[in-house]
Amino acid sequence: MAQATLSSLRNSLRRRLDDVAGRGWTDPELNEYISEGARDVTRVAETNLTTTTVPVIGGVGLITTLPTDILRMYRVEWITADDRAIALEYRDMNNMDAVWWDHQSITQSQPYVYCTQGYPPALKIQLYPVPSESGTLKIFYYKIAAKLIDDAQLVDIPEGWDDIVLDYAEYRAYRRDADERWKSAKAIYDESLRAMMSTTRRYVEATGMIQEAGYVGLPQWIYNGW
């Protein structure tokens, strides 16, 4: 099944609202509700896990050229010049003081920890130690869906879940008209969103593993049971 476009979802929404002729809501109104719905789903459910790479110049520890659509970072790796991938450990800014003391900008080596500054779209990453040579950051992050502008634009939602966007847009359309049906539409949206979060949190059926001191590869259900 092809990924849904803005126009295809708008047509589906009009059929739901029994407004195929377009007398109740304008296209720009419905486009706005659909765009809001896609962004709300990806913001709440954090479904859009993606990756990007950012080149880093040796001697530069503050990285400012990050994607503007970051919701939350999941993992950051330092890719060395010889293509080794080293997972960096995250620390809060205040906790970094116990790591770098007063040498945050002068100690140059291979980075192993990082902290963040600011917030999207101007989020920054501070590496420590400052890399002594050029490399690449590989960032795994949850992104927010892009705003929908063009009818042919694909809706940035995982395959098979675009009906949740329609649930959101339906309740918003009814609420604009003070139509009491918005309450039931909102309840359906909330229920569908919870189901999506449960299903898409992990795209595999296999049980996760936990590394614990003294034990190797504990199944997650055993660890949680303790």
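The structure is a predicted model, in which local features were required to have pLDDT of at least 70 and side-chain atom pairs were counted only at pLDDT 80 or more, whereas totals for chains, interfaces and linings use all residues. Residues are numbered from 1 along each chain as its sequence is written, and side-chain values rest on heavy atoms, with hydrogens and water left out.

Helices (H or I, at least four residues) and strands (E, at least two) were taken as DSSP runs and numbered from the N terminus. Axes are lines fitted to C-alpha atoms, for helices over the stretch in contact, and angles between N-to-C directions run from 0 to 180 degrees; angles under 35 degrees count as roughly parallel, those over 145 as roughly antiparallel, those from 65 to 115 as roughly perpendicular, and the rest as oblique. A crossing is termed left-handed if the near helix is turned anticlockwise from the far one by less than a right angle, and right-handed if clockwise. Contact denotes heavy atoms within 4.5 Å, and in the counts by class Ala, Val, Leu, Ile, Met, Phe, Trp, Tyr, Cys and Pro are nonpolar, Asp, Glu, Lys and Arg are charged, and the others, Gly among them, are polar.

Against helix H5 (residues 181-200), H2 packs at an angle of about 45 degrees with the axes 10 Å apart, which makes H2 oblique to H5. This crossing of H2 and H5 is right-handed, and it brings Asp 40, Val 41, Val 44 and Ala 45 of H2 into contact with Tyr 189, Leu 193, Met 196 and Met 197 of H5. Seven residues of the contact of H2 with H5 are nonpolar, none is polar and one is charged.

Helix H1 (residues 6-16) also packs on H4 (residues 162-176), at an angle of about 55 degrees and with the axes 10 Å apart; H1 and H4 are therefore oblique to each other, and their crossing is right-handed. Leu 9, Ser 12, Leu 13 and Arg 16 of H1 are in contact with Asp 162, Asp 163, Val 165, Leu 166, Asp 167, Ala 169, Glu 170 and Tyr 174 of H4, a set that divides into six nonpolar, one polar and five charged residues.

Most residues other than glycine have a negative phi, and most peptide bonds are trans. The bond from Pro 120 to Pro 121 is cis, with omega near 10 degrees, and Pro 121 lies in the loop between S7 and strand S8 (124-128). A cis peptide bond also joins Tyr 128 and Pro 129, with omega about -10 degrees, Pro 129 being located in the loop between S8 and strand S9 (130-131). Asp 83, in the loop between S3 and strand S4 (85-87), has a positive phi near 70 degrees.

Grid points were joined across faces, edges and corners, and a volume is the space filled by probe spheres set on the points.

The largest pocket holds about 220 Å³ and is lined by Glu 46, Thr 47, Leu 49, Tyr 74, Tyr 142, Thr 200, Arg 201, Arg 202 and Tyr 203, of which four are nonpolar, two polar and three charged. The second largest pocket, of about 150 Å³, has a lining that includes Tyr 90, Pro 120 and Leu 123. Strands S3 (70-79) and S7 (113-117) each supply at least two residues of that lining, the largest share, four residues, coming from S3; by class the lining of this second largest pocket has seven nonpolar, one polar and one charged residues.

Methods
On a 1 Å grid over the protein atoms alone, a cavity is a set of points where a 1.4 Å probe fits but cannot get out, and a pocket is an open set with protein on both sides within 12 Å along at least five of seven lines; lining residues have an atom within 4 Å of a point.
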